[in-house]
Amino acid sequence: MTSQPILRLRNVVKTFGSFTALPGVNLDIEEGEFFTIVGPSGSGKSTLIRLLVGMDEVTEGEIWLRDRRIDQTPANQRPTCMVFQSLALFPHMSVGQNVEFPLKLRKVPAEKRRDRALELLDLLRLPQSYYSKRISQCSGGERQRVALARALAFDPEILFFDEPLSALDYRLRKTLEKELKDLHSRTGKTFVYITHSLEEAMVMSDRIAIMNKGHFEQIAVADEIYGRPVNRFVAEFMGEVNLFDVTGTDGGGLSGAGLESHMNGHAETCGVAMAPGATGTLMVRPEYVRFLASSDTADFTLRGILHGEYALGSRIQYEVETLGGQVITVEKLREDRVDRQPGAEVVLGFDGDHVHLIRGQ
Amino acid sequence: MERHDRKLGLLSAMPLGLILVLSFLAPLVVVAVFSVMPAKVFTLAHMPDFSAYSVFFERGYYKSLLWSLAMALIATLALFLVCWPLAFGMAKVFGRFTLVLTVAVVMSLFVSENIRLFGWVLTLMKGGLFEGYFRSLTGIGFDSPLYNTGIIIFGLVYVYLPFMLFPLAQGISMVPDDTRQAAADLGASRWQILCQVELPLAAPGIMVGSLLTFVLAAGALAESKILGGQAVIVIADDIETAFTFGQNWPLGAALSMVLIVIIGGLALFGVSRIDLDAIMGRKR
């Protein structure tokens with residue numbers, strides 16, 4: 001990464017009539033990174049990407065591509081390019097013609113165009129025989145690759161993606177996620193990706209931005225967002241999570257929500273020390289919650305009734321209702337399946353190393 | 001089971017098939033046979049000869065045909081240019097106003113073509129709506145634009161506008177918005193988008209609209225008679241004269257056959273080149 005960001009957004013505002021979609025977005029994207037913007041539908045992420053590629057005009061604010069201000073530049077003059085959710089391939093052209101389209105616009109000679117198109121088909125692991133195939137003869141995954149090849153033929157400074165995998169089935173999506181990440185490292189280009197799927201973001205991205213109601217809740221690397229979310233929204237958005245409303249106690253510990261704390265003074269080192277009377281939310285991911293036998297100990301324990309067991313493929317998910325009525329989610333690997341029947345009384349425990357405290361909420 | 005189904009399908013198509021054969025094919029056959037009868041006979045029980053067809057060339061009827069085809073071609077091209085922006089607006093821009101426009105255009109079809117054309121005559125003739133008012137206000141008169149080929153083409157454009165407009169709007173609505181956006185994103189100018197994305201993808205609509213207007217305009221009669229004052233004779237005029245005033249049915253039939261073969265061939269060629277299913281909204 002270089003010191004100067006490749007893309008800078010300064011206080012970008014977008015309104016539609018009286019509705020404010022983006023109240024003022026600031027963002028720096030580094031050269032060569034895989035940056036993913038994740039958010040629920042209606043969070044403004046699609047609006048944002050349309051501004052970035054030039055399909056909509058900003059109401060206020062500035063977009064800079066290196067040293068060039070581009071927010072007033074029409075889409076067809078920006079050196080960026082987007083892979084559409086619908087892919088937007090040209091159905092009346094062959095695979096080759098689709099890939100060559102941006103080159104043809106630049107009046108690249110036919111032979112060079114063909115060479116480049118075949119090269120790109122290779123890069124995306126499409127057989128060269130696909131060059132003359134019709135788009136309608138290609139499967140979903142193949143179309144995806146054609147759309148990518150077409151975008152790469154444009155040789156953009158930044159390649160944008162607007163949820164291009166959302167229409168595909170699970171297996172294919174998983175394969176293409178890895179291929180995209182691989183493609184990113186092989187091309188060295190800056191990728192800016194939009195999705196509502198946390199998993200997709202986690203697999204591929206260098207950095208993730210969590211978007212909600214037109215602003216970013218948190219921008220960080222995947223591990224940080226997963227393990228140390230800044231607020232409840234991010235915590236809950238990033239997959240299954242258990243949250244406890246807690247209050248600081250006099251001894252420097254914390255209590256609440258039926259939790260029993262046995263921190264014995266090392267709350268400080270785990271980053272969960274609280275001033276007496278301060279409030280916060282304690283977060284623990286389901287994979288860190290254990291079922292305790294009578295002899296086991298843990299930093300935090302709580303009692304409950306085992307409700308249900310759900311098989312999630314490689315993992316098993318358990319739901320435990322605490323005495324206070326809160327439902328706790330526990331996940332175990334299939335090999336660590338526990339031998340308890342629904343209705344049984346259980347003791348759950350987790351350690352201070354695996355929790356994260358969101359203060360003041 | 002499948003064979004049984006096919007048989008049932010054939011059987012249920014039979015009544016309609018018979019009606020179609022009787023009402024469309026039979027008259028065509030009669031006309032075709034009449035066209036090879038000797039001049040001025042009124043039955044089909046004669047030795048066939050091709051005298052009517054030789055008359056087509058000897059007496060200059062081919063000139064009428066060329067006029068008809070040429071004016072139809074110009075009218076079709078003009079209609080395409082006029083209707084494309086309008087159809088684009090209807091398909092992509094106007095929103096609910098499209099309905100207003102559609103109703104307005106369709107309403108004009110409720111009034112007979114001849115009456116509408118006479119309306120134009122009253123408007124454009126010397127001493128008519130335009131020239132009359134202009135002269136009484138300014139004292140300066142001008143010649144009527146009526147009675148030449150230009151006004152005939154105007155008439156064709158005016159009368160057949162709906163037949164180009166609606167298929168074209170349908171065709172344009174088949175161009176996905178995101179392909180246009182993608183083309184722009186990949187660096188295409190407005191003009192390049194039009195030529196490389198919109199026109200090819202709207203081709204079925206363009207073809208249907210052009211065929212409809214060309215076929216109708218090539219056989220049109222009222223425009224040249226009413227607006228053109230027979231400044232040129234069109235082929236439909238010759239056919240009518242042969243059947244009525246001329247009392248020469250074989251000649252009329254022969255002229256009709258020439259027109260039918262040319263236009264039918266063109267229509268078949270055009271239809272074979274496009275995906276009619278696509279414009280009817282059916283997916284393959």
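This is a short tour of a predicted model, with stops in chain B and then chain A. Local features here need pLDDT of at least 70, side-chain atom pairs count only at pLDDT 80 or more, and totals for chains, interfaces and linings use all residues. Residues are numbered from 1 along each chain as its sequence is written, with chains lettered from A and ligands numbered from 1 in the order in which they are written.

**Chain B**

Start by selecting residues 65-270 of chain B, which an unreviewed UniProt entry lists as "domain: ABC transmembrane type-1". UniProt positions follow the numbering used here, feature names are shortened, and annotations may be inferred rather than shown by experiment. The span is 79% helix and 0% strand, and its end C-alpha atoms lie 20 Å apart. Helices (H or I, at least four residues) and strands (E, at least two) are DSSP runs, numbered from the N terminus.

Residues 65-86 are 100% helix, with 31 Å between the end C-alpha atoms. For 146-169, the end C-alpha atoms also lie 31 Å apart, and that span is 88% helix.

**Chain A**

Now hop to A:Lys107, in the loop between helix H2 (95-105) and helix H3 (110-123). Check its phi: positive, about 60°, though this is not a glycine. A:Lys107 counts as exposed because it has 7 C-beta neighbours inside 10 Å. (Cut-offs, with C-beta atoms placed from the backbone: buried is 20 or more other C-beta atoms within 10 Å, exposed is 12 or fewer, partly exposed is in between.)

Last stop: A:Arg125, in the loop between H3 and helix H4 (140-153). A:Arg125 has a positive phi near 60° without being a glycine, and is exposed, with 11 other C-beta atoms within 10 Å.
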